[in-house]
Amino acid sequence: MTAPHNYTSTCVTSPDGLIITCNTITATRKTANAIAGYIMKKNNEAADKDKFKKDYETKTNLHVTLNNITSNSNTKPIIRSNTNVNSNISIQEFLRTVTQNFKGLRNLYELEISNCELNAETLRIILPYLLTDYLNVLKLENASITDDGVKEIADVLATNTSLTELSLKKNNIGKNGAEVLAAALAKNKNHKITSLVLDTLQIGKNASNAIQKQLKTIPTVSNKYGAIKRVNPRTNINWSGVSAQLTSQENILPATATAIATAATTAPAAGGRRRTRAKKHRHFKRTMRR
């Protein structure tokens with residue numbers, strides 16, 4: 001593991017440079033600029049790798065974690081006039097500085113921001129930067145998010161078409177917040193979210209089921225004729241307080257299911273060709289006897 005320079009936190013990257021983990025971050029302007037610059041640099045390196053890949057090859061994915069962000073600032077959340085690089089800044093200003101360039105990061109696949117305070121105002125500022133056209137996985141965990149903050153998330157989910165997984169566990173989200181999320185997903189028919197993790201003991205069974213109905217399903221090929229089944233997305237439903245993963249299988253859209261059934265009925269039965277050859281051989285023998 002290698003550590004980037006000029007950090008007032010513990011930041012490490014994987015040997016291939018695609019997993020960046022920053023822990024115990026003190027919010028200063030210098031730290032924010034250093035982390036932002038380092039993430040952009042690694043994204044550019046990943047993009048350079050993709051230049052030599054074929055169209056069918058998997059894109060090089062960048063995973064970023066910002067964990068345990070603290071601030072010693074007693075100032076208001078946003079003070080842009082203070083340009084001292086060593087000055088303490090709020091968590092809100094820190095995240096705005098780090099994330100404001102994320103919209104151009106085509107290889108940023110997963111982002112986790114955890115163990116810090118994300119109030120509704122902070123979410124309103126940073127979410128437009130976070131939910132880009134390329135980010136697939138977003139984890140905002142143990143971040144003191146309330147139902148008011150969820151409304152900000154829902155506003156963006158109503159139009160987002162890139163996110164596939166969202167984790168909001170260990171927050172202060174109740175039934176009302178969960179219902180707002182379900183309504184946002186129902187409004188956005190083009191969303192791609194297959195996994196939404198919440199603390200279901202806080203939101204209740206009805207709200208949990210409402211969200212589950214709105215999640216997309218994952219198709220998987222199941223046999224040689226191309227019959228496809230879909231697996232119901234993961235949810236966090238368990239009324240004893242322990243996380244559980246629920247899955248179910250069902251046929252996909254009727255039109256596709258009909259096409260698959262037609263292919264299966266028209267496909268030759270096992271051993272059919274051998275019986276045809278045997279029949280021709282018997283006919284040939286009868287002809288020779290005549």
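What share of the contacts in the chain with a separation of 6 or more comes from residues 24 or more positions apart? I got 68% for those residues. A reminder to myself before going on: this is a predicted model.

**Entry 1: the whole chain**

I started with the overall tallies. The secondary structure comes to nine helices and ten strands. Of the 290 residues in the chain, 41% are buried. For the accessible surface I noted about 16400 Å², with 50% of that area belonging to carbon and sulfur atoms.

**Entry 2: H3 and H4**

Next I turned to helix pairs. Two packed helices are described by the angle between their axes and the distance between the axes. I took helix H3, residues 120-130, and helix H4, residues 147-157. Their axes come within 8 Å and cross at roughly 20°. Angles under 35 degrees count as roughly parallel, so H3 and H4 are roughly parallel to each other. The crossing of H3 and H4 is right-handed.

Which residues meet here, in H3 and in H4? From H3 I listed Ala120, Leu123, Arg124 and Leu127. Across from them in H4 are Asp148, Gly149, Glu152, Ile153 and Val156. Sorted by class, the contact of H3 with H4 has five nonpolar, one polar and three charged residues.

**Entry 3: H5 and H7**

I then looked up helix H5, residues 175-187, against helix H7, residues 205-214. They pack at an angle of about 20°, and their axes are 9 Å apart. That makes H5 roughly parallel to H7. What is the hand of the crossing of H5 and H7, left or right? I have it down as left-handed, whereas the crossing of H3 and H4 is right-handed.

On the H5 side, the contact is made by Lys175, Ala178, Glu179, Leu181, Ala182, Leu185 and Ala186. On the H7 side, I found Ala207, Ala210, Ile211 and Gln214. By class, the contact of H5 with H7 divides into eight nonpolar, one polar and two charged residues.

**Entry 4: leucine 140**

Leucine 140 lies in strand S5, residues 137-141. Is leucine 140 buried or exposed? Its relative accessibility is 1%, and buried means under 20%, so leucine 140 counts as buried.

I also checked what surrounds leucine 140. Leaving aside its neighbours within four places in sequence, leucine 140 is in contact with Ile113, Leu118, Leu123, Ile145, Ile153, Ser167, Leu168, Lys169 and Asn171. Leucine 168 is 28 residues from leucine 140 in sequence, while their C-alpha atoms are 5.3 Å apart in space.

**Entry 5: positive phi**

Last, I went through some backbone angles. Most residues other than glycine have a negative phi. Threonine 24 has a positive value, with phi near 50°. This threonine lies in strand S2, residues 19-26, and at 48% relative accessibility threonine 24 counts as partly exposed.

Where does asparagine 115 lie? I placed asparagine 115 in the loop between strand S4, residues 108-114, and H3. Its phi is positive too, about 60°, although asparagine 115 is not a glycine. With a relative accessible area of 34%, asparagine 115 is partly exposed.

Terms used: Residues numbered from 1 in each chain as written. Predicted model: local features only at pLDDT ≥ 70, side-chain atom pairs only at ≥ 80, totals over all residues. Heavy atoms only, no water. Axes fitted to C-alpha atoms, helices over the stretch in contact; angles between N-to-C directions. Helix = DSSP H or I, 4+ residues; strand = E, 2+ residues; numbered from the N terminus. Parallel < 35°, antiparallel > 145°, perpendicular 65-115°, else oblique. Left-handed = near helix turned anticlockwise from the far one by under 90°. Contact = heavy atoms within 4.5 Å. Nonpolar A, V, L, I, M, F, W, Y, C, P; charged D, E, K, R; others polar. Buried < 20%, exposed > 50% of the residue type's maximum accessible area, 1.4 Å probe, protein only. Areas by Shrake-Rupley, 256 points an atom, 1.4 Å probe, with all protein chains shown as cover.
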